[in-house]
Amino acid sequence: MSVRTAGPARSDLVADTALALLAERGMRGLTHRAVDEAAGLPQGSTSNLARTRQALLELAVRRLADREARVLALHEMPDPRDGAGSSADALALATHRALTRNRELTLARYELALEATRRPELRAYFDATGARFREQLTVLVTGMGSTDPARHTLSLIAWADGLMFSCVAGSFGSEVPSLEEVRAGLRELLDGMLGA
């Protein structure tokens, strides 16, 4: 596990370390002490920043949302009026990044999502941080001509999440589809939804 030790604010360092621990050790391996040790911080530093486990999890979720926003780069999406092809290219690139260069971040997200099923207060926080992505994606599919943007957004997210889970933690964990394969799957999905 490698965590940056210079540059980021201490809260970012703690959150990045927590995400790395989640990917490496799972939820049971995430403790305040483990974060201090892995980040090279004096004992008690993480507790000073996030006193409770809930606070540490919320810090990790917030950092996850910020980092995933950079991975998915929805602000770089082409104009949806350019057609499903250009949007599929951009969405495929974002999905492929999550499967390859950001695999550990994706795994940490699934750890947090599962924990949120057991902690209602974390579920609310997790859902709120993910809302900005859903909203941006709804705008994108609306611009592409969707007749049912809410349903199509759900289908698109479910497809991408299913692919990522299968290839990061599921039965296809040793197989990562190529960018071209991800793009082909997205084109099929978008063409079906949009009647192209």
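Predicted model: local features only at pLDDT ≥ 70, side-chain atom pairs only at ≥ 80, totals over all residues.

Colleague: Is Thr17 buried or exposed?

Modeller: Thr17 belongs to helix H1, which covers residues 10–25. Its relative accessibility is 0%, and the cut-off for a buried residue is under 20%. Thr17 is therefore classed as buried.

Colleague: Which backbone oxygen does the side chain of Thr17 reach?

Modeller: The contact runs from the side chain of Thr17 to a backbone oxygen at 2.7 Å. A polar contact requires the two atoms to lie within 3.5 Å. The oxygen in question is that of Leu13.

Colleague: How many residues apart are Asp16 and Arg63?

Modeller: Asp16 and Arg63 form a salt bridge, with their closest N and O atoms 2.8 Å apart. This pair links distant parts of the chain, as Asp16 lies in helix H1 and Arg63 in helix H4. The separation is 47 residues.

Colleague: Are Asp16 and Arg63 buried or exposed?

Modeller: Asp16 has a relative accessible area of 8%, and Arg63 has a relative accessibility of 9%. The limit for a buried residue is under 20%, so Asp16 is buried and Arg63 is likewise buried.

Colleague: In the salt bridge of Glu115 with Arg118, which residue counts as exposed?

Modeller: The closest N and O atoms of Glu115 and Arg118 are 3.5 Å apart. Glu115 is buried because its relative accessible area is 11%. At 57% relative accessibility, the exposed residue is Arg118.

Colleague: Which residues do salt bridges with shared partners join into one network?

Modeller: By the rule applied, the model has 14 salt bridges. One of them is between the side chains of Asp148 and Arg151, at 2.9 Å from N to O. Where salt bridges share partners, the residues joined into one network are Asp12, Asp16, Arg63 and Arg67.

Colleague: Which element gives the most to the lining of the largest pocket?

Modeller: The largest pocket has a volume of about 690 Å³. Elements that give two or more residues to its lining include helix H4, helix H5 and helix H7. With 10 residues, the element that gives the most is H7.

Colleague: How many nonpolar residues does the lining of the largest pocket have?

Modeller: The lining comprises 36 residues, and those nearest the pocket centre are Glu68, Leu72, Arg109, Gly130 and Phe133. By class, seven lining residues are polar and seven are charged. The nonpolar residues number 22.

Note on methods. Residues numbered from 1 in each chain as written. Heavy atoms only, no water. Helix = DSSP H or I, 4+ residues; strand = E, 2+ residues; numbered from the N terminus. Buried < 20%, exposed > 50% of the residue type's maximum accessible area, 1.4 Å probe, protein only. Polar contact = N/O pair within 3.5 Å; in protein donor to acceptor, adjacent residues only side chain to side chain. 1 Å grid on protein atoms, 1.4 Å probe; cavity = no way out; pocket = protein on both sides within 12 Å on 5 of 7 lines; lining within 4 Å. Points joined across faces, edges and corners; volume = space filled by probe spheres on them. Nonpolar A, V, L, I, M, F, W, Y, C, P; charged D, E, K, R; others polar. Salt bridge = Lys/Arg side-chain N within 4 Å of Asp/Glu carboxyl O.
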